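Good morning, and thank you for making time for this presentation.

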Amino acid sequence: MTNQPAKTETPAGQRVLSEAIVAEIKAYFPRYPTRQAVTLPALHVVNAHLRHVPLQAVVEIAELLELAPAQIQDTLSFYGFFKQDAPHGETRAWVCRSVSCALRGGEEILEYMCQKAGIEPGQTTDDGRLTLEFGECLGACEFAPCMLAGDTLHKNLTEESAGKFLQSPTG
Ligand code: FES
């Protein structure tokens with residue numbers, strides 16, 4: 001049994017980038033010197049809408065930017081940020097495991113949260129609400145251990161505060 005959402009497979013020929021997504025990507029064109037330079041913004045736009053960047057999206061981004069799909073895929077795979085096989089949860093949370101947080105129990109907090117949520121690090125809950133992952137230094141070492149959930153930084157995490165977050169994971 002897996003806690004992961006089913007892998008998304010796009011039927012052949014079915015496009016995944018909506019007109020709105022395409023328009024959002026094209027809006028970056030005047031702001032960058034080349035279309036290739038729009039690769040990373042385009043990946044972020046797609047990820048913001050689809051919560052992952054499936055292979056078909058890579059093909060469509062490549063068409064828009066007049067590049068080879070491999071060039072887009074190279075950039076995507078360089079960053080651990082982008083998921084490709086399945087969408088991440090509605091909220092994506094990174095528990096810091098860099099030195100300050102690790103010394104103050106960050107790894108144990110993530111283990112506790114994963115156990116409570118019934119998933120492993122990197123996985124998404126069955127209801128699709130939360131993906132829990134290891135993160136690297138969040139730049140808030142004085143508040144170790146901490147976690148970034150969406151745009152919200154959770155400082156001085158304890159099992160109690162982590163448990164409360166799990167009851168209503170938003171970010
Ligand atoms: S080590 Fe965790 S925020 Fe810096």
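First, the conventions. This is a predicted model, in which local features need pLDDT of at least 70 and side-chain atom pairs count only at pLDDT 80 or more, whereas totals for chains, interfaces and linings use all residues. Residues are numbered from 1 along each chain as its sequence is written.

The protein contains seven helices and four strands. Helices here are DSSP runs of H or I with at least four residues, strands are runs of E with at least two, and both are numbered from the N terminus. Read from the N terminus, the order of elements is α-α-α-α-β-α-α-β-β-β-α. The C-alpha trace spans about 50 × 40 × 25 Å along its principal axes. Of the 171 residues, 30% count as buried. By that I mean that 20 or more other C-beta atoms lie within 10 Å of the residue's own; exposed means 12 or fewer, partly exposed is in between, and the C-beta atoms are placed from the backbone.

Two residues are in contact if their C-beta atoms, placed from the backbone, lie within 7 Å. Among contacts with a separation of 6 or more, 62% are between residues 24 or more positions apart.

The domain assignment gives domain 1, residues 1-87, and domain 2, residues 91-167; such bounds come from an automatic or database domain assignment. The centres of the two domains, taken over C-alpha atoms, are 27 Å apart.

Let me begin with the helices. H2 packs against H4, residues 69-78, at an angle of about 70°, with 10 Å between the axes. H2 is therefore roughly perpendicular to H4, a label that covers angles of 65 to 115 degrees; under 35 counts as roughly parallel, over 145 as roughly antiparallel, and the rest as oblique. Axes are lines fitted to C-alpha atoms, for helices over the stretch in contact, and angles between N-to-C directions run from 0 to 180 degrees. Where H2 meets H4, Thr39, Leu40 and Leu43 come from H2, and Ile72, Thr75 and Leu76 from H4.

Which residues does Ile25 contact, leaving aside its neighbours within four places in sequence? They are Val38, Ala42, Val45 and Leu64. Ile25 itself belongs to helix H1, residues 19-26, and is buried because 22 other C-beta atoms lie within 10 Å. Its C-alpha is 9.3 Å from that of Leu65, a residue 40 positions away in sequence.

I turn now to the sheet. Its four strands form an open sheet in the order S2-S1-S3-S4, with mixed pairing. Strand S2 (130-135) and strand S4 (152-154) stand at the edges with a single partner each, so one side of each has no neighbour in the sheet. On average, neighbouring strands are turned by 20° against each other, direction ignored. S1, residues 91-96, and S3, residues 147-149, run antiparallel and are joined by three bridges; pairing requires at least two bridges found by DSSP. In this pair, Ala93 stands opposite Ala149. Helix H6, residues 106-117, packs on the sheet and touches S1 and S2, and its direction makes about 160° with that of S2.

What of the nonpolar cores? Each is a set of buried Ala, Val, Leu, Ile, Met, Phe, Trp, Tyr and Cys residues joined through C-beta atoms within 7 Å. The largest has 19 residues, of which Val95, Cys96, Met113, Leu132, Cys146 and Met147 touch the most other members. S1, H6, S2 and helix H7 (159-167) each give two or more residues to this core. Another core lies apart from it and has 15 residues, including Ala42, Val45, Ile72 and Leu76.

Finally, the backbone. The peptide bond from Ala144 to Pro145 is cis, with omega near 0°, and Pro145 lies in the loop between S2 and S3. Two residues other than glycine deserve mention for positive phi. Arg51 has phi near 60° and is partly exposed, with 18 other C-beta atoms within 10 Å. Asn156, in the loop between S4 and H7, has phi of about 45° and is exposed, with 12 such atoms within 10 Å.
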